Amino acid sequence: MIRTGRAELDFSGIRTEFGLPQEFPPAALAEAEQAVSRAPGEREDATALPLVTIDPPGAKDLDQALAIERRPGGKFRVHYAIADVGAFVVPGGALDAEVRKRGQTLYLPDGNVPLHPTVLSEGAASLLPTQTRPAVLWTFDCGADGEPESVRVRRAMVRSTAQFDYESVQATIDAGTVHPSIEALPDFGRLRRERALDRGAVELQLPEQEIEPDGEGWKLVLRPRVEVDAWNAEISLLTGMSAARIMLDARVGILRTLPDADEGAVEALKRSALALHVPWADGVSPAKLLAGLDPSRPEALALFVDATRLLRGAGYTAFNGTVPEIATHAGIASSYAHVTAPLRRLVDRFATEVCLAVTEGREVPEWLLKALPELPSLMGGSDSIASKVDRACLDQVEAWVLEGEVGREFDAVVLRSEGNGADVFIPEPPVMGRCSGEELPEGERVRVKLVQADAARRKVAFERV
């Protein structure tokens, strides 16, 4: 692990370059403050449910809390509480206008650019432990195969009993001391993963680079993948798929969509697997092939990168009156909607309000119907900014940690080879960069030399030794 410790290394340049907002308008802040003292209205009292949250360490914007019960016959009941942002944001108000501009929370190493004022996102609307909060409560009664037999969604008051992070939960599961509210999570999560593979859902187990503070500077680390990540994600996916079904049945709402990969993309992946000497038996889907690979193997990393071609073209599809032509997400292999992160993502609040209206037998409000057609472009724009900001931050830290190392040689894995160069992954420090040179076969381990580490341009480059 290579680190940098210079005090002047901050991300203000990236904030300026992308025009990231520094403050909320006074009118929006005033609305947020007023919302804190507003009564949440009549709703179900679900404070007796022993809900818990699982988030990254130190997180304060807690969108989800869960509790899983075992039922007779190997069945399950899943309670999933989602922060009820709709209880705080007045449609058409100053805060609503501002969050539509922002689209989503942006996470930078030196501080977030929140979607909502922190008095809400890290306070009154967040499902913080031991605090009674308004929530949208989903309850799923699932069979022994993990599939939902009934789905219920309603507004409720909830009270999280504990806040956990992924690694600590994994440690308690491994030690047999897991909290009772999530004791069934491993069994239910595995069932849902099996159903995902049966559907053909694609998961790319690429290394997750993360930036962490290190004294006065920053360090690059690889976030370890633990099973709890995947199991917890399956609860969110179950909720999003159920929300999509509600909206499709009612013929109104907004979906997260991704067209199916064309045959050319699948054939190209098969050629890559052949070149990488990864066996691909007849009849095995891309999803099951990728799920069976060891992500620590260089050929697996290269194939995961190549498989990104299967997941191109994601967007949002709003509809009212007719089912859209493309109503599924190819990566999930199902219809799907974002509803589980409303503190951090704009579209979730709107999709949730559609689901509540439909299931309560109410007309979808006019303000909501009017907003639906605008949401795909608002979310597309914010997704683009978020991706660019994430990449810029990683590029910046990669350049910082490698300053002064020009000329040094590293072990690398070739990820994607094109022309007279390739994208390579350096395990230590965890850096992805461009490498020049001929004969850089994908999936091979090679020795490379650092030839550029330009912090001003956020650029790192290697050449094959």
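**A guided tour of the predicted model**

Begin by selecting Lys-270 and Trp-280: Lys-270 lies over the face of Trp-280, 5.7 Å from the ring centre. A charge sits over a ring if NZ of Lys or CZ of Arg is within 6 Å of the ring centre and within 35 degrees of the ring normal. This is a predicted model, in which local features need pLDDT of at least 70 and side-chain atom pairs count only at pLDDT 80 or more, while totals for chains, interfaces and linings use all residues. Residues are numbered from 1 along each chain as its sequence is written, and side-chain values use heavy atoms, with hydrogens and water left out.

Next, select Arg-102 and Phe-24. The charged end of Arg-102 sits over the ring of Phe-24, 3.6 Å from the ring centre. Arg-102 is also touched by Ser-382, as are Gly-103 and Gln-104, not counting residues up to four places away in sequence; contact means heavy atoms within 4.5 Å. Ser-382 lies in helix 13 (helices, H or I of at least four residues, and strands, E of at least two, are DSSP runs numbered from the N terminus). At 7% relative accessibility, Ser-382 counts as buried, a term for under 20% relative accessible area, with exposed meaning over 50% and partly exposed in between (1.4 Å probe, protein chains only).

Now display Phe-11 and Trp-400. They form an edge-to-face aromatic pair, 5.3 Å centre to centre with 65° between the planes. Rings of Phe, Tyr and Trp (its six-membered ring) pair if their centres lie within 6.5 Å; planes under 30 degrees apart count as stacked, over 60 as edge-to-face and the rest as tilted. Phe-11 lies in the loop between strand 1 (3-4) and helix 1 (12-17) and Trp-400 in helix 13 (residues 375-402), so the pair ties together parts that are 389 residues apart in sequence. Phe-11 is buried at 0% relative accessible area, and Trp-400 is buried at 7%.

The last stops concern the backbone. Most residues other than glycine have a negative phi, and most peptide bonds are trans. Select Ala-333, which has a positive phi of about 60° although it is not a glycine. Ala-333 is in the loop between strand 14 (315-320) and helix 11 (346-359) and is partly exposed, at 26% relative accessibility. Finally, go to Pro-429, in the loop between strand 16 (421-426) and strand 17 (431-436). The peptide bond from Glu-428 to Pro-429 is cis, with omega near -5°.
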